[in-house]
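Biologist: I would like a close look at a single part of this model. Please take me through the sheet and the side chains around it, in plain terms.

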Amino acid sequence: VWGLVRGCVSAAGGAAAIGEMEKNLDQGLPSDLRRDLCQALGTEIAIVTKPAVGMIPIPEINLYVEVRDEAKAVGVLKRLLAMGEAQGAFRVSDSAPGAGPAITTLQLATPVPLAPSYAIHKGWLVVSLMPQTLKEVIGQIDAAKGTLVQKGDFKAAMGKLRPATALVGY
């Protein structure tokens, strides 16, 4: 993913743009954290959205990122959250791991009806806009018999794509 971002920035603004982007990133996100995050996470990423329902018109948006090294991912996320908390951007609260995985929720400093939450579960970092949605997603993961990418039809369709394909919409 990082290579894709660098390629897009390079195509748009050349080598100088990449240097500027990395300088700005280093000010907010040290390179060792970026490196550790890239090593901890895998190459599969999915975004699943559902239209808004109910009184608050906010769609459900869930981000799934493959996790290669759970211990490293947990460590990096804790460091990132500590940085955000120190800047007063949010307050972090962790749920006790009962029947499912521990859920970390961010109580944002701004008055918006969101409480971004994440959990690492069955090899995936799952991020949702609300902890209730995240709990539902975890239940769906537990009830699923394999993932979409493990299904034969999906594998057959993916086999028809060029190897350099970076994004597929479904």
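This is a predicted model: local features need pLDDT of at least 70, side-chain atom pairs count only at pLDDT 80 or more; totals for chains, interfaces and linings use all residues.

**The sheet and its surroundings**

Modeller: Thr133 has a relative accessibility of 12%, so it counts as buried, the limit being under 20%. This residue is found in helix α4. Leaving aside residues up to four places away in sequence, Thr133 touches Glu60, Asn62 and Ser128.

As a general point, strands of a sheet pair through backbone hydrogen bonds, either parallel or antiparallel.

One pairing can be followed in detail. Strand β4 (residues 104–108) and strand β5 (residues 117–121) run antiparallel and are joined by 2 bridges. In this part of the sheet, Thr105 stands opposite Ser117 in β5.

Next comes the end of the sheet with β1 and β2. At least two residues of the nonpolar patch come from β1, and at least two from β2. Ile61 has a relative accessible area of 37%, so it is classed as partly exposed, between the limits of 20% and 50%.

Charged side chains also link β1 and β2. Glu60 and Lys50 meet in a salt bridge, at 3.7 Å from N to O. Glu60 is in strand β2 and Lys50 in strand β1, 10 residues apart, and the pair links distant parts of the chain. Lys50 counts as partly exposed because its relative accessibility is 39%. Glu60 has already been named as one of the residues that Thr133 touches.

The count of salt bridges comes to 5. Another of them is formed by the side chains of Asp36 and Arg79, at 3.6 Å from N to O. This pair also links distant parts of the chain, with Asp36 in helix α2 and Arg79 in helix α3 (residues 70–86), 43 residues apart. Asp36 counts as buried because its relative accessibility is 12%. Arg79, with a relative accessible area of 36%, is partly exposed.

A further salt bridge joins the side chains of Lys122 and Asp142, at 3.3 Å from N to O. Here Lys122 lies in the loop between β5 and β6 (124–128), and Asp142 in helix α4 (residues 131–143), 20 residues apart. Lys122 counts as exposed because its relative accessibility is 55%, over the limit of 50%. Asp142 is partly exposed, with a relative accessible area of 39%. Elsewhere, salt bridges that share partners join Asp32, Arg35, Asp36 and Arg79 into one network.

Conventions:
Residues are numbered from 1 along each chain as its sequence is written. Side-chain values use heavy atoms; hydrogens and water are left out. Two strands pair if DSSP finds at least two bridges between them. Helices (H or I, at least four residues) and strands (E, at least two) are DSSP runs, numbered from the N terminus. Buried means under 20% relative accessible area, exposed over 50%, partly exposed in between (1.4 Å probe, protein chains only). A salt bridge is a side-chain nitrogen of Lys or Arg within 4 Å of a carboxyl oxygen of Asp or Glu. Contact means heavy atoms within 4.5 Å.
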